[in-house]
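Let's take a walk through a protein together, one piece at a time. Have the picture ready and follow along as we go.

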Amino acid sequence: MIGVSFYVVAASTVRLVSDSLFEDTVRRQTTGVSEMAVMLGEQMQGETADTFYPKLLQAARSGGGRLLVVDRDGKVMFDTFDERCGTRLALQEVHSVLGGKDADYGFHLQDGDGAQQAPSVLDAVTKRDVQKIWVGCFVSAMDGSLTGEGGALVLIASVQDTVDSLIFIRDRMLLVFAAALIAVLLLASLISRIITKPVAELSAGIERMTKGDYQHRVHVPGKSEMAQLASAFNQMSEQVRNLEEARNQFVSNASHELKTPLATIKILVESMMYEDEMDPGLRREFLGDIDKEIDRLSSVVGDLLTLVHIDSHKLKLRRERMIFADTVRETSARLTPLAKKRGQEITTQITDECEMFADPGKLAQVCYNIIENGIKYTPDGGKIHVRLRRVGRDAVLEISDTGVGIPPEDLPHVFDRFYRVDKARSRDTGGTGLGLSIVQQIVRLHAGSVTVQSERGRGTTFIVQLPVK
Ligand SMILES: Nc1ncnc2c1ncn2[C@@H]1O[C@H](COP(=O)(O)OP(=O)(O)OP(=O)(O)O)[C@@H](O)[C@H]1O
Ligand SMILES: [Mg+2]
């Protein structure tokens, strides 16, 4: 594009310059020859050919060219070079003046005899021939006693200087054009390399990512848009890698949680199969264990389904006007028998009914999971205290126990999936490590927050904060 526009500009400049140069010459010479024709026509009066000729020579010298006088038939009567006398000048412009025009002109290569009149000066320039020179032929009608009516005066003057300067300008333009073109091409290839290199690197990175390589990072230095794109891509592949890892971890944890009860069931069933004479009491005990393991399996599967639902955004809250205090009271009451079995006491302190627009079933699950943890991780005879109050526009539920507590290094992880502080003991108590992550997800869906404070050996407090709408 740049090359083409530059060429157009250069060509029109050369044309403009040449037109103006030649127009000027034509105007000057045409006027000159017309004036000379009038003057010489007058000077012919009463002269013979011999006395007129020196006057013509004089005029030619002052006019700066060769002068020829032709009669009405086009035959040369006088020639200041003394070569063409008696011959006919077969020039187009001479014919047109003899045919009645006042003046005319043409450009010719000197020995071309009018054969190649150039329709445009540019063509004259391009049809360059170093051996020949370009001349201008300016003709004016001339009447005089020697020529009779209808003769013509012909001035032949060199225009080679003008043509030479045009050729010089054109060559210069061509040179500049070629240099500019090379510079533009070099620049274009450089720029395209600067642009395409990061694009190629990025697309190679994307290709590797689609093949499952999430480790690969793209390097594009600088602060350009491409560099920003590359860093966005790197962040994205880091996230994909984390997600991939989390997914693998989740699948392996889930399979592990399902495998353990299944293995126990298998052992129990096999021992019952191979022992024909089994004591009915022992058989009942085995069946009871199998039943417990099945309960555990179904609770794990239920928790997993809940989490998967939340993750895939399929879980919709069924919000309704509800009294949160009622939910807290009911859940505590439901868990009281479990606490009693271990000699524990659940106390409730409710200072506000906390009417809100929320999902009562899901909030009951939140209370249940936290209070159940309190019971599970508190030794026999301990206390679980449930407190509900209103702080500003929030309902604040605090569940504290006098249990084993959580070590500080484990505190940030208790909401992680499958995370258990004491792996062995939690399994004995039937924990999977999913309860608190479900609590956290439900609270987040309600635009609330859940935090934990704990002191080892002294007890734990979970604080749930929910906006009251
Ligand atoms: N009140 C508490 N006191 C001490 N430790 C606790 C308490 N609540 C939770 N934890 C610790 O945090 C871990 C995660 O709790 P979470 O409720 O998520 O799992 P879980 O109780 O082990 O299993 P489940 O999925 O059946 O609830 C528990 O295993 C336990 O180690
Ligand atoms: Mg739990």
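Predicted model: local features only at pLDDT ≥ 70, side-chain atom pairs only at ≥ 80, totals over all residues.

If you want a spot to look at, Met142 stands opposite Gly151 in E5.

Now step back to the whole sheet. What order do its strands come in? Reading across, you get E2-E1-E5-E4-E3, an open sheet of five strands with antiparallel pairing. Strand E2 (76–79) and strand E3 (103–109) are the edge strands, as each of them pairs on one side only. Going from one strand to the next, the twist averages 25°. There's also a helix packed on this sheet: helix H2 (residues 49–63), which touches strand E1 (66–70), E2 and E5. The direction of H2 makes about 135° with that of E1.

Next, let's follow a helix. Helix H5 spans residues 160–210, and Arg208 is found in it. Is Arg208 buried, exposed or partly exposed? A residue is buried with 20 or more other C-beta atoms within 10 Å of its own and exposed with 12 or fewer. Arg208 has 15 within 10 Å, so it's partly exposed. Setting aside neighbours within four places in sequence, Arg208 is in contact with Asp213 and His216.

Time for the bigger layout. The protein chain is divided into domain 1 (2–179), domain 2 (225–311) and domain 3 (320–467). The C-alpha centres of domain 2 and domain 3 lie 23 Å apart. Their contact takes nine residues from domain 2 and eight residues from domain 3. On the domain 2 side, helix H6 (225–274) and helix H7 (280–311) each supply at least two residues. The largest share of that side comes from H7, with six residues. Sorted by class, the domain 2 side has four nonpolar, two polar and three charged residues.

Last stop: ligand 1. How many residues surround it? The count is 24, and the closest are Tyr377, Val421, Gly431, Gly435 and Leu436. Helix H9 (360–376) and helix H11 (435–445) are the elements that give two or more residues to this shell. As for the kinds of residues around ligand 1, eight are nonpolar, 12 are polar and four are charged.

Methods. Residues numbered from 1 in each chain as written. Chains lettered and ligands numbered in written order. Near = placed C-beta within 6 Å. Helix = DSSP H or I, 4+ residues; strand = E, 2+ residues; numbered from the N terminus. Nonpolar A, V, L, I, M, F, W, Y, C, P; charged D, E, K, R; others polar. Domains from an automatic or database assignment. Contact = placed C-beta atoms within 7 Å. Pairing = 2+ DSSP bridges. Axes fitted to C-alpha atoms, helices over the stretch in contact; angles between N-to-C directions.
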